[in-house]
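Subject: A structure for you to look at

Hi there,

Here is the structure I promised to pass on to you. Please open it next to this email and follow along as you read.

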Amino acid sequence: MTEQQALALMGEAGALLYGHFRLSSGLHSQRYLQCAVALQHPAIAEQLGGALAAKWSMEGHPPPDLVVSPALGGLIIGHEVGRGLGVRACFTERVEGDMTLRRGFYIEPGEGVLLVEDVITTGRSTQETATAVRQAGGIPLGVACIANRSGKPHLEDLPLLSLVQLDIPTFEPSACPLCAAGEEVIKPGSRPVPS
Ligand code: ZN
């Protein structure tokens, strides 16, 4: 799957939003990728997960023993990458602030783990998941995500692959052309937005 095909798939699903958004960083943007809107369709989730699994294999990385994703954003795509690779998929979740493997999920000593997220921006949740994997005895092999907003091809010492390199311009509110035009700014996901 090429980047154009991945963007077209998510655009058709209405996941690529156009408007005037306030990102969690405080910066403003005219576009926003809401992966959950695409992933609500199991057939699209399966295609995206299969494409990430294929990309991981085609780039010559070692096959993982399992996939681990940080909840909540990485959960569905992680499951579909696990399907594509034929391995189990589990997730970490925050317990009193710490990313933790719960619910009877286990990692055998020395098992290789592919970390999966929907969107990587700072990569903080994914790094914390890598730490939880190491503490459980696993070996993080790399990171796969739908969209990479970090601008980097790796996360610390781990290779980072993505279907889409999201290079969306952002503005300080004081320099935002949409603010200058008097358009109301919204927080993505706070209410329905027409695509
Ligand atoms: Zn603005």
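**The zinc site**

The site of the zinc ion is tetrahedral, with angles of 93 to 125 degrees among its 4 donor atoms. Please keep in mind throughout that this is a predicted model.

Which residues hold the zinc ion? The coordinating atoms are NE2 of His-20, ND1 of His-28, SG of Cys-176 and SG of Cys-179, at 2.0 to 2.4 Å. Along the sequence, these donor residues follow the spacing H-x7-H-x147-C-x2-C.

Strand β1 covers residues 16–22 and strand β2 covers residues 28–33. Together with β10 they make an open sheet of 3 strands, in the order β1-β2-β10, and the pairing is antiparallel.

How many bridges join β2 to β10? There are 2 bridges, and the two strands run antiparallel. If you want a place to start, go to Ser-29, which stands opposite Thr-170 in β10.

**Rings that meet**

How many aromatic pairs does a search of the whole structure find? The search gives 2 aromatic pairs. One of them is formed by Phe-21 and Tyr-32, a tilted pair with 5.9 Å from centre to centre and 45 degrees between the planes. This pair links distant parts of the chain, as Phe-21 belongs to strand β1 and Tyr-32 to strand β2, 11 residues apart. Is Phe-21 buried or exposed? Phe-21 is buried, with a relative accessibility of 0%.

Phe-91 and Phe-105 also form a pair: their ring centres are 5.0 Å apart and their planes stand at 75 degrees, so this pair is edge-to-face. Here too, distant parts of the chain are linked: Phe-91 is in strand β4 (residues 88–95), while Phe-105 is in the loop between β5 (98–101) and β6 (112–120), 14 residues apart. Phe-91 is buried, with 15% relative accessible area, whereas Phe-105 is partly exposed, at 28%.

There is another ring to visit. The charged end of Arg-88 sits over the ring of Tyr-106, 4.1 Å from the ring's centre.

**Around strand β4**

Next, follow β4 to its partner strands. Strand β3 (residues 66–70) pairs with β4 in the parallel sense, over 5 bridges. To see one of the positions, pick Val-67, whose bridge partner in β4 is Ala-89. What lies between the two strands in the unit they share? Helix α4 (residues 75–85) does, and β3, α4 and β4 make a right-handed β-α-β unit.

β4 also pairs with β5: these strands run antiparallel and are joined by 4 bridges. Arg-94 has Met-99 in β5 as its bridge partner. The hairpin of β4 and β5 has 2 residues between the strands.

Where is a cis peptide bond found? The bond from Ala-71 to Leu-72 is cis, with omega near 5 degrees. Leu-72 lies in the loop between β3 and α4.

Glu-96 has a positive phi, near 50 degrees, although it is a residue other than glycine. Glu-96 is in the loop between β4 and β5, and it is exposed, with a relative accessible area of 80%.

Arg-103 also has a positive phi, near 60 degrees. You will find Arg-103 in the loop between β5 and β6. Is Arg-103 buried or exposed? With a relative accessible area of 58%, Arg-103 is exposed, because the cut-off for that is over 50%.

Happy exploring, and do write back with your questions!

Best wishes

Definitions and conventions: Residues are numbered from 1 along each chain as its sequence is written. This is a predicted model: local features need pLDDT of at least 70, side-chain atom pairs count only at pLDDT 80 or more; totals for chains, interfaces and linings use all residues. Side-chain values use heavy atoms; hydrogens and water are left out. Donors are N, O and S atoms within 2.8 Å of the metal (3.2 Å for Na, K and Ca); water is not among the atoms, so sites may look incomplete. Four donors count as tetrahedral if all angles lie between 85 and 135 degrees; four count as square planar and six as octahedral if opposite donors are over 155 degrees apart and all others between 65 and 115; anything else is irregular. Rings of Phe, Tyr and Trp (its six-membered ring) pair if their centres lie within 6.5 Å; planes under 30 degrees apart count as stacked, over 60 as edge-to-face and the rest as tilted. Buried means under 20% relative accessible area, exposed over 50%, partly exposed in between (1.4 Å probe, protein chains only). A charge sits over a ring if NZ of Lys or CZ of Arg is within 6 Å of the ring centre and within 35 degrees of the ring normal. Two strands pair if DSSP finds at least two bridges between them. A crossover is right-handed if, with the strands pointing away from the viewer, the path from the first strand over the helix to the second runs clockwise.
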